[in-house]
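Work through the exercises below with the sequence and the model at hand, and try each task before you read its solution.

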Amino acid sequence: MSSRTKRIKKTSWGARERAGMSFLIVVAFFAVFGLIILTEVLMIDDRGRAGSIIVRHGSNGGRFGESVPDYDDVKDDYLDDTGIFVRETKYGGTAVKNILKNQKDLKNSIGISVLTDPAEQRNPPVVPWGQMLPSKIEQTLPRFPADMKPTDGSWEIVNGTRYKFFVFSAYYDRRDGKLVRVIGATKTRGPEKVWCRFWYQTGVNSTKYRSASVMARVKIIRENWNLKYSACFILCPIRGPYPEIPHAVSVVSKIRAAPGNVLMLRNTDNDPDFTNRTFSNIPNSIGVCVKPLHFNYDQALYLLEFLELNNLLGVSHFTFYNHTIGPKASCVLQHYVNGDLPQHIAPYEDASPPKAPNSSSLDTTDVPYRMPTKYNEDNTALLKPKITVNILPWNLRMRSQKEIRTEGLFASLNDCLYRSMYRYSHVALIDLDEFIIPHHNDTLIDLITWLSKRINNRNTGAYSFQNAFFYLQFADDELMYKGPDTQTNLRAALTTQRKTRRRSKLHPQKQRSKYICKPEAVIEAGNHFVWEFCPGRGSLNVPADAAILHHYRVCEFGGDDCIKTPSLVDRTAHRYSKRLLDRVGTVYNYLKETCSLPDIPRAPTKPPPTRKKELKIRIPLKPDGDKKVTAMNNAHPNGASDASQGPATVPIEVILKTR
């Protein structure tokens, strides 16, 4: 065999070998890819079955789809050796006593003395989470601070921590076991270990207390933007030797240190607002949670619009957190808190001062408003519905957006969630510039009832609504100038009435969306969606043709470019115009002098209709060749022609019409 033949065979064999290797690589690639897909399919958890339920408007409830939430199931974040709610630990009471007894020094573990063994200093024994401190050691701890009164809804310090650590409120969570849940704020990464000291009254009206202490666990609330501090839960299981519900709780970092806070425990018989209700017998009612008011908020008229329109939508209670609020808005809210409001709703009419002779207008800057005439006292049909308002101080000593996100708003959202539990069947977590507006129902309760008739909503824990931006830079609705003259000024001053143009495209669910939830179904609330439900509960995505979130704000990225986006006119909020004007006008006039409210500004003058503009251009026509046009009309006065004038041109007028 010649060398040339050998080279050809060798080359052919190399080509076949390379082709075979390429084929094997392709097969291996698709095999690995298929294995990954198969693994993903098999690893889908059943928890997705309790995820978001999508309902199509007009469906009969027989068919509906389910979608897996686009956030993690966070139940595992609560899991320790004992589970989400402590039932039994792997350490018994005897084991804990042995742990404490065998220590040469317990200062670093429970604050009694100082460790001397370097090995023990590196790995000090720890009392497991949820384990009660033995009664013999409990008796040696500081007693209840007689000079401190249990607080609720105010930021208190946790003494002795290396970093900032504050607590706000405490709730008894009886949904699964016995647990005290404290709302607080602390370091995001590696929060310090703390203890919960339960205080039990020794008598009905006794000022003496006995105590029990338990190792607590700090659970960071999400959406913290990885800032240094975050809102958090302090979880304190209730176990023996005193399994009953405590009267108050203190959070301490060193068990031997005197408590720096005493929080009244809510959602118990000791809570003055607690009516010992169960979830099954709470009447249909809606509360609204508003995040901390800041930047010296003082828009009294818009605040009235927010309260009264939401009341028309079925909301009966509002919870505000006062960070910095102006005097006028504070005065208005305080009248709602005290119930000092007009008893009857009167038809609103703008002040109509007499006009001067031969004058079409008159400056009404200093003209006082006339109080509307009230209806008869026995006309109960026009009684003003009762609105209850709760205002809590919000003096969290952390720098907003530098140390913690937006004044620690997630502490306020979750505090309002647990504060509303057992009191209202539903809670809406929205901002002051947002309204959830149903399209086919008059109130939100009617909407929820309508949805429940079309699907089995037994497992629904929250109703999510898509966001629609009504940019304030959009032009005012032209109907503002066509309404009754007696209500033009007030109607033009209300945001929901004059701003009816919105962005055509709605945001997808969980992006800018807001929700109404059942408090007993939620463990951790977020800003745009629920982070964690109780087992078996999920979120229902309300279709856009049933209801959407009206969000009134300026362009989110600054400037005015947002108004260039495709838009449409949505006048759904005008269904409440007459009732809203009467309510806001009645309350505004009632509080005008008391709260030093300014006059309702006059409605802007209707802009003139756009006319077609005519642009006239004169173009001279030059003579061609021998065709010269003489200036026949410019003859000399004595009849002779003016030879000094050359051939004249004939101007042609062109009219261009533009809008």
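**Exercise 1.** In which strand is valine 569 found?

Solution. Valine 569 belongs to strand E25, which covers residues 567–569; strands (E, at least two residues) and helices (H or I, at least four) are DSSP runs, numbered from the N terminus. The model is a predicted one, in which local features need pLDDT of at least 70 and side-chain atom pairs count only at pLDDT 80 or more, while totals for chains, interfaces and linings use all residues. Residues are numbered from 1 along each chain as its sequence is written, and side-chain values use heavy atoms, with hydrogens and water left out.

**Exercise 2.** Determine why valine 569 counts as partly exposed, and find what it touches.

Solution. Begin with the classes: buried means under 20% relative accessible area, exposed means over 50%, and partly exposed lies in between (1.4 Å probe, protein chains only). Valine 569 has 37% relative accessibility, and therefore it counts as partly exposed. Next come the contacts, that is, heavy atoms within 4.5 Å: leaving aside residues up to four places away in sequence, valine 569 touches Asp477, Thr500 and Arg501. Finally, the C-alpha atoms of valine 569 and arginine 502 are separated by 6.2 Å, although these residues stand 67 residues apart along the chain.

**Exercise 3.** Describe how the side chains of strand E12 are arranged, and how E12 pairs with strand E13.

Solution. In a regular strand the side chains alternate between the two faces of the sheet. In E12 (residues 286–289), Ile286 and Val288 point one way and Gly287 and Cys289 the other way, and all are buried. E12 pairs in the parallel sense with E13 (residues 315–322) over four bridges, where two strands pair if DSSP finds at least two bridges between them. Within this pairing, valine 288 has phenylalanine 318 of E13 as its bridge partner.

**Exercise 4.** Characterise the chain as a whole.

Solution. Counting the elements gives 12 helices and 27 strands. Turning to burial, 48% of the 659 residues count as buried. Among the contacts in the chain with a separation of 6 or more, 78% come from residues 24 or more positions apart. The chain exposes about 34,600 Å², of which carbon and sulfur atoms supply 53%; accessible areas come from the Shrake-Rupley method with a 1.4 Å probe, and for residues only the protein chains shown count as cover.
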